[in-house]
Amino acid sequence: MVKSRCGIVCEPAMCKEAWKVDCPGCVQMDKPFWGECDVKICCESKGLEHCGLCSDFPCDVLSKYSYSGDEHADDGARIEQCRLWANL
């Protein structure tokens, strides 16, 4: 089941431990607890379940999140997960 727009595999236990919140994944919420998310906004504006279904995949917005160099970067893991979800 897809729980995020960007390809992060959300696990409730991980969210509970890391951020002390019960998070069902951004697909299941209107407004993420962490604030505004450009990836979520983009996917939802295009009516897409996740980025892997986009004709612009992988775009600069998703790549920025994956390779930004900050604590949220994952060296492309979320991009690969979107590929798996989309069977690309």
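## Trp34 and the nonpolar patch

At 44% relative accessibility, Trp34 counts as partly exposed in this predicted model. Trp34 sits in the loop that runs between helix H1 (12–19) and helix H2 (38–45). Together with Ile8, Met14, Trp19 and Phe33, Trp34 makes a nonpolar surface patch of about 480 Å².

Arg5 belongs to the segment before H1. The relative accessible area of Arg5 is 10%, so Arg5 counts as buried, the cut-off being under 20%.

Two polar contacts of the Arg5 side chain can be described. One, of 3.0 Å, joins the side chain of Arg5 to that of Glu44. In the other, a polar atom of the Arg5 side chain lies 3.4 Å from the backbone oxygen of Leu48. Leaving aside residues up to four places away in sequence, Arg5 touches Cys26, Val27, Val39, Lys40, Cys43, Glu44, Leu48, Glu49, His50, Cys51 and Cys82.

## Salt bridges

The model has a count of 6 salt bridges. Arg5, Lys40 and Glu44 are linked in a network of such bridges. Lys40 and Glu44 are 4 residues apart in helix H2, so about one helical turn separates them. An α-helix has 3.6 residues a turn, so residues three or four places apart point the same way.

Another salt bridge is formed by Asp22 and Lys16, with 3.5 Å between the closest N and O atoms. Asp22 is exposed, at 64% relative accessibility, and Lys16 is partly exposed, at 41%. Arg78 and Asp74 also meet through their side chains in a salt bridge, at 2.9 Å from N to O. Here Arg78 is buried, with a relative accessibility of 4%, while Asp74 is partly exposed, with a relative accessible area of 23%.

## The buried face of helix H4

Which residues of helix H4 (residues 77–86) are buried? They are Arg78, Ile79, Gln81, Cys82 and Ala86. Seen down the axis of H4, these buried residues fall within an arc of 160°, and therefore they line one face of the helix. Helix H3 (60–67) is included in what covers them.

Arg78 is the salt-bridge partner of Asp74, and Cys82 is among the residues touched by Arg5. After H4 comes Asn87, which has a positive phi, near 55°.

## Backbone features in the loops

Most residues other than glycine have a negative phi, and most peptide bonds are trans. Two places in the loops can be set against this background. In the loop between H2 and H3 lies Pro58. The peptide bond leading from Phe57 to Pro58 is cis, and its omega is near -15°.

Asp75 lies in the loop between H3 and H4. The phi of Asp75 is positive, near 55°, in a residue other than glycine. Is Asp75 buried or exposed? At 68% relative accessibility, Asp75 is exposed, since the cut-off for that class is over 50%.

## Asp60 and Gly76

Asp60 is part of helix H3. With a relative accessible area of 70%, Asp60 is exposed. Along the chain, Asp60 and Gly76 are 16 residues apart, and their C-alpha atoms are separated by 12 Å.

Methods. Residues are numbered from 1 along each chain as its sequence is written. This is a predicted model: local features need pLDDT of at least 70, side-chain atom pairs count only at pLDDT 80 or more; totals for chains, interfaces and linings use all residues. Side-chain values use heavy atoms; hydrogens and water are left out. Patches are made of residues with over 30% relative accessible area and no salt bridge: like charges are joined within 9 Å, nonpolar side chains (Val, Leu, Ile, Met, Phe, Trp, Tyr) within 5 Å. Accessible areas come from the Shrake-Rupley method with a 1.4 Å probe; for residues, only the protein chains shown count as cover. A salt bridge is a side-chain nitrogen of Lys or Arg within 4 Å of a carboxyl oxygen of Asp or Glu. Buried means under 20% relative accessible area, exposed over 50%, partly exposed in between (1.4 Å probe, protein chains only). The arc is that of the directions from the helix axis to the C-beta atoms. Contact means heavy atoms within 4.5 Å. A polar contact is a pair of N or O atoms within 3.5 Å; within protein, one must be able to donate a hydrogen and the other to accept it, and residues adjacent in sequence count only if both atoms are side-chain atoms.
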